[in-house]
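Please have a look at the structure on the screen before I go on.

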Amino acid sequence: TFTPRVFSGVQPTGSLHLGNYLGAIRRFVAMQDEFPCIYCVVDLHAITVWQDPKELIEATYHVTAAYLAAGIDPVKHIVFNQSRVSAHAELAWVFNCVARMGWLNRMTQFKEKAGKDRENASAGLFVYPTLMAADILAYQATHVPVGEDQKQHLELTRDIAQKFNHDYGDRLAELGYEEGLFPMTEPIIQGPATRVMSLRDGAKKMSKSDPSDASRINLTDDADSIAQKVRKAKTDPEALPSEPKGLEGRPEADNLVGIYAALAGQTKEEVLAEHGGAMFSAFKPALADVAVSVLAPINDEMRRLLDDRGHLDQVLTSGAERAAEITAPVMQAMRRVVGF
Ligand code: ADP
Ligand code: NA
């Protein structure tokens with residue numbers, strides 16, 4: 001059996017939003033009491049689409065600051081950026097040779113991100129999921145907290161682990177790895193906000209890449225812009241139902257109730273027990289208030305941290321050193337079984 005360990009990451013691409021916070025970062029924080037955790041700023045993933053170098057560096061600090069401001073402890077746990085630990089790229093190459101074209105061809109995120117002009121997408125964007133498998137498996141991580149959009153990539157991670165363990169099974173057994181080198185990693189996808197939708201379109205997920213800034217609440221938005229974005233969020237003309245069943249077929253209402261529940265630490269049942277029968281004109285200000293009360297302290301702390309780059313550099317450097325130490329024996333075993 002593998003020692004329980006958590007790994008997850010966020011790309012340093014543009015401004016973080018409420019979906020990243022509720023679907024990922026807030027849950028990273030929650031796992032710290034139970035597991036040793038490794039949280040990565042995945043800058044190698046970011047360059048699968050063009051990034052201005054100066055903005056990439058800024059965004060790397062920004063995600064690091066968001067991790068710390070949200071409550072991740074970089075001393076008890078590990079915070080670092082991916083490009084500083086060479087195991088990620090090295091293991092990803094080996095996994096490119098384990099994964100099958102057919103597996104990667106099925107990935108819906110590639111289809112969405114490449115869009116119609118697939119011939120012009122980077123090769124890196126196509127093999128994004130093999131790098132993600134390497135991120136996780138270089139640490140033999142057993143649990144990965146993510147949003148729902150990453151479920152398919154976690155399935156691929158297990159397929160790669162299984163095929164590697166099988167293909168090199170004899171060599172692994174000779175070296176005493178009877179169970180294989182890599183665990184069958186479990187995604188942790190939980191709670192009322194595993195898929196936060198756009199405020200402008202109940203059929204699209206809230207995303208950094210949406211050209212409309214009004215579609216998302218950024219972690220750096222001030223109280224006024226949060227209130228304004230919530231006020232303008234698309235809704236329907238009905239009152240809120242008194243039970244979650246009544247949200248069926250009402251994606252925008254369902255999304256706002258889910259966001260409220262996640263922010264307030266309640267279930268949708270509890271939110272509707274209190275707000276059922278209310279019109280959006282009354283519910284939206286309550287939602288904006290709870291969003292501001294959760295995000296304002298994080299926002300303040302992020303600003304403070306971003307004024308001390310020396311501290312952030314020190315966190316990332318120490319994190320990368322400790323991360324590399326964990327990968328060293330795994331990489332050594334990988335090289336021996338592959339025949340390097
Ligand atoms: P993005 O999808 O915004 O570019 P990333 O790919 O860096 O962000 O994802 C970072 C984490 O945030 C992942 O665990 C992802 O599942 C989660 N996430 C991203 N968007 C959402 C969303 N709208 N709702 C819930 N979780 C999300
Ligand atoms: Na994503």
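Predicted model: local features only at pLDDT ≥ 70, side-chain atom pairs only at ≥ 80, totals over all residues.

Residues are numbered from 1 along each chain as its sequence is written, and chains are lettered from A and ligands numbered from 1 in the order in which they are written.

Let me begin with the domains, whose bounds come from an automatic or database domain assignment. That assignment gives domain 1, which covers 6–194 + 308–338, and domain 2, which covers 213–303. Taken over C-alpha atoms, the centres of domain 1 and domain 2 are separated by 30 Å. Counting residues as in contact if their C-beta atoms, placed from the backbone, lie within 7 Å, we find 13 residues of domain 1 in contact with 14 residues of domain 2. On the side of domain 1 that touches domain 2, helix H1 (18–31) and helix H3 (53–70) each supply at least two residues, and H3 gives the most, with four residues. Helices here are DSSP runs of H or I with at least four residues, strands are runs of E with at least two, and both are numbered from the N terminus.

Next comes residues 12–20, where UniProt, in an unreviewed entry, places the short sequence motif "'HIGH' region"; positions are in the numbering used here, feature names are shortened, and such annotations may be inferred rather than shown by experiment. Over residues 12–20 the chain is 33% helix and 0% strand, with the end C-alpha atoms 12 Å apart.

Finally, which angle do the axes of helix H4 and helix H15 make where they cross? The axes of H4 (residues 87–98) and H15 (residues 309–338) cross at roughly 25° and come within 11 Å, where axes are lines fitted to C-alpha atoms over the stretch in contact and angles run from 0 to 180 degrees between N-to-C directions. H4 and H15 are therefore roughly parallel to each other, given that angles under 35 degrees count as roughly parallel, over 145 as roughly antiparallel, 65 to 115 as roughly perpendicular and the rest as oblique. Their contact involves Ala87, Glu90, Leu91 and Val94 of H4, together with Ala324, Thr327, Met331, Met334 and Val338 of H15.

With helix H8 (residues 128–137), the axis of H4 comes within 8 Å and crosses at roughly 125°, which makes H4 oblique to H8.

Conventions. Contact = placed C-beta atoms within 7 Å.
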